[in-house]
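This report looks at a few local features. It covers a loop residue, a surface patch and a set of aromatic rings.

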Amino acid sequence: MIKLNSTIMIVDDNIIDQMITTRVLKNSYSQSDVLVMDCPIKALSYLESNEDNIASLPSLIILDLDMPEMNGLGFLERFSEFADKLKDAIKIVVLTATDVMEDIELASANPAVSKLISKPLFNNSLAEML
């Protein structure tokens with residue numbers, strides 16, 4: 001379960017998808033702050049710089065799989081190297097439009113991933129996590 005009054009981080013390089021996801025989150029979970037990262041490297045840097053301050057970490061990360069430089073699977077690999085305290089504080093939902101079955105299977109099998117959702121995000125897509 002995520003806290004309604006906490007931060008939700010979106011990690012997605014596509015500005016249109018960022019806007020859609022942010023809008024759905026603001027409409028459905030208005031008490032949550034939304035933090036947008038346009039690449040996984042920035043998101044990982046943010047997590048690393050705040051790992052000793054759990055209160056500043058997002059309770060949920062909405063992660064795209066298909067991004068340049070580092071994809072969502074690369075993010076998940078690096079995320080697995082963080083301390084358990086940080087990993088336990090954050091749920092990850094993969095939100096993707098990919099149709100590459102291998103990527104979908106790898107993401108679904110990752111222990112850090114709570115749910116895999118096809119884009120776009122809808123108002124009730126995260127309902128069972130709250």
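Two residues are in contact when heavy atoms of one lie within 4.5 Å of heavy atoms of the other. The model is predicted.

**A loop residue**

With that cut-off, and leaving aside neighbours within four places in sequence, Asn50 is in contact with Ser56 and Leu57. Asn50 sits in the loop between α2 (40-49) and β3 (60-63). Is Asn50 buried or exposed? Asn50 counts as buried because its relative accessibility is 16%, and the limit for buried is under 20%. Its side chain also has a polar partner. The side chain of Ser56 makes a polar contact with the side chain of Asn50, at 3.1 Å.

**A surface patch**

Ile15, Ile16, Met19 and Ile20 make a nonpolar surface patch of about 380 Å². One of these residues, Met19, is found in helix α1 (residues 15-28). Met19 has 51% relative accessibility, so it counts as exposed. The limit for exposed is over 50%.

**The aromatic rings**

How many aromatic pairs does a search of the whole structure find? It finds two. In one, the ring centres of Phe75 and Phe79 are 6.0 Å apart and the planes are at 20°, so this pair is stacked. Planes under 30 degrees apart count as stacked. Both residues belong to helix α3 (residues 72-79). They are four residues apart there, which means about one helical turn separates them.

Phe79 counts as buried, because its relative accessibility is 1%. The ring of Phe79 also pairs with that of Phe82: the centres are 6.0 Å apart and the planes are at 65°, so this pair is edge-to-face. Planes over 60 degrees apart count as edge-to-face.

What is the relative accessibility of each ring residue, Phe75, Phe79 and Phe82? The table gives the values.

| Residue | Relative accessibility | Class |
|---|---|---|
| Phe75 | 0% | buried |
| Phe79 | 1% | buried |
| Phe82 | 10% | buried |

How values were computed
Residues numbered from 1 in each chain as written. Predicted model: local features only at pLDDT ≥ 70, side-chain atom pairs only at ≥ 80, totals over all residues. Heavy atoms only, no water. Phe/Tyr/Trp six-rings, centres within 6.5 Å; stacked < 30°, edge-to-face > 60°. Helix = DSSP H or I, 4+ residues; strand = E, 2+ residues; numbered from the N terminus. Buried < 20%, exposed > 50% of the residue type's maximum accessible area, 1.4 Å probe, protein only. Patch = residues over 30% accessible without salt bridge, like charges linked within 9 Å, V, L, I, M, F, W, Y side chains within 5 Å. Areas by Shrake-Rupley, 256 points an atom, 1.4 Å probe, with all protein chains shown as cover. Salt bridge = Lys/Arg side-chain N within 4 Å of Asp/Glu carboxyl O. Polar contact = N/O pair within 3.5 Å; in protein donor to acceptor, adjacent residues only side chain to side chain.
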